[in-house]
Amino acid sequence: MATTETTSLPSHTPGTTHTLLKHSFGGADAARSAYLQAGTHADEHPGLLVLQHVIGQLQVLEQQGRILGHIVIVPFANPVGLGQQVFGQMVGRYNLANGENFNRNFPDITQRLIAELKHNPPAKNDLPAIKALFAKALTASAPNETVAANKYWLLKQALEHDILLDLHCDTSSILHIYANLNQRQRALDLAVATGVDAVFLEDEAGGLPLDECYAKAWKEVLKLDLVDTAHLGFSATLELRGQADVDDDIAAEDARGIIRFFQREGLVEAGADAVEAPCRSPVTVYPLEGVSHLLAPATGIVAWKKQIGDAVEVDEVIAQIVPVDGVLGAPRYAVLSNVSGRLIARHHVKLARSGQKIGMLAGTTPLPERQTGKLMGL
Ligand SMILES: [Zn+2]
């Protein structure tokens, strides 16, 4: 039977307690396991609803005896962020206490792990031994501050599993996935199962988000040839469209996509009721170095000329900036694409300041100014 555990974080302010929930399906001794969470950025809510559907679908599969692996779900990953409201508006991306992005600066265990792997190398593909070394390397950094302890706990959970799926969303966006170059095929499998047609692969994005800290640990094991790619841990960030795309029917379908991926990974038995993924356009893989952030060339109202998901060419007009403080008949400023690819996201900003990011383009060719390890914005 599925179980639920509650964990309390160190106190934030006198009289308050923040807790995290963890639902577990299938046996902890199963050969393969997966970990899912949503809401690290507490103002991104599509994933919170999708996980409730995943939980419901797993409960049915459990009754049918079809859960083959171990699946752990943390239905909300950031209780501190969920409580951050300023004058009725949620501020969930950054910690109001210090301005830090909630999905940056997770513990980096690589240095301690390298020492552990050197002194106590596990047998090749001995996953329990490898995960025990991850836990040992992480334990040395246990923090006391509430948000740091939250990140520590999330990474600790994730590193116990073969698969990490972190559910996020953009502001206004098409579905897309971020994953590591080491795991191209599994990223494509996830994309096909969930109906995603835009996948971003990177070696190292930088900034220490959760998925990167997980991937960095496995990369050290891979470098020493202590694991093959079939056993290598897989982490991906699934971007579930835009913040406003919270819809029960869409969430149910997204959850079915995640279950399809679990069937492919052998975590869930595929039954006669297995439904094929909806047929969408072929998956395109973009290097993270090919992402271009669209900047407003002037101050004014953003008038979009392209929809999210539209194909774009170099020098094509994506939007116009309409100045509202110019002379009579002042011209608009064109926002041009610097890549051939697609418009992935349009940010919420309607009145842009000169130089402000207003959207994200994906090109298939790396851009010279984009450097590995420095690919993540704030
Ligand atoms: Zn996010």
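The centres of domain 1 and domain 2, taken over C-alpha atoms, are separated by 32 Å. The contact between these domains draws on 11 residues from domain 1 and 11 residues from domain 2. On the side of domain 1 that touches domain 2, strand β9 (residues 198–202) gives the most, with 4 residues. By class, this side of domain 1 has 5 nonpolar, 4 polar and 2 charged residues. The domain assignment places domain 1 at residues 3–282 and domain 2 at residues 288–363. The model described here is a predicted one.

Helix α7 can be read in the same way. Its 14 residues should span 20 Å at 1.5 Å a residue, and the end C-alpha atoms are 20 Å apart, which agrees. Helix α7 is mostly covered, with 10 of its 14 residues buried. The buried residues of α7 are Leu210, Asp211, Glu212, Cys213, Tyr214, Ala215, Ala217, Trp218, Glu220 and Val221. Their cover includes the helices α3, α4 and α5, together with the strands β7 (163–170), β8 (176–180) and β10 (234–242). Just after α7, aspartate 225 takes a positive phi of about 60 degrees.

Strand β10, part of the cover of α7, deserves a paragraph of its own. Of the 9 residues in β10, 9 are buried. Strands of a sheet pair through backbone hydrogen bonds, either parallel or antiparallel. Strands β7 and β10 pair in the parallel sense over 7 bridges, and the bridge partner of aspartate 166 in β10 is threonine 237. Strands β8 and β10, in turn, run antiparallel and are joined by 4 bridges; here isoleucine 177 has leucine 238 in β10 as its bridge partner.

Most residues other than glycine have a negative phi, and most peptide bonds are trans. Arginine 241, found in strand β10, has a positive phi, near 60 degrees. Arginine 241 counts as buried, with 21 C-beta neighbours inside 10 Å, where the cut-off for burial is 20 or more. Phenylalanine 87 also has a positive phi, near 50 degrees, and lies in the loop between β5 (85–86) and β6 (89–90). Phenylalanine 87 has 5 other C-beta atoms within 10 Å and is therefore exposed, the limit for that class being 12 or fewer.

Attention now turns to the sheet that contains β12, β19, β17 and β14. This is an open sheet of 4 strands, in the order β12-β19-β17-β14, with antiparallel pairing. Strands β12 (291–295) and β14 (311–312) stand at the edges, each with a single partner strand, so one side of each is left without a neighbour in the sheet. Strand β17 (residues 341–346) and strand β19 (residues 357–363) run antiparallel and are joined by 5 bridges. Across this pair, leucine 343 stands opposite leucine 361 in β19.

Valine 314 belongs to the loop between β14 and β15 (317–322). This valine is exposed, with 11 other C-beta atoms within 10 Å. Leaving aside neighbours within four places in sequence, valine 314 is in contact with Ser337, Asn338, Val339 and Ser340. The C-alpha atoms of valine 314 and leucine 36 are separated by 38 Å, and these two residues are 278 residues apart along the chain.

How values were computed. Residues are numbered from 1 along each chain as its sequence is written. This is a predicted model: local features need pLDDT of at least 70, side-chain atom pairs count only at pLDDT 80 or more; totals for chains, interfaces and linings use all residues. Two strands pair if DSSP finds at least two bridges between them. Helices (H or I, at least four residues) and strands (E, at least two) are DSSP runs, numbered from the N terminus. The expected span of a helix is 1.5 Å times one less than its number of residues. Two residues are in contact if their C-beta atoms, placed from the backbone, lie within 7 Å. Domain bounds come from an automatic or database domain assignment. Ala, Val, Leu, Ile, Met, Phe, Trp, Tyr, Cys and Pro count as nonpolar, Asp, Glu, Lys and Arg as charged, and the others, Gly among them, as polar.
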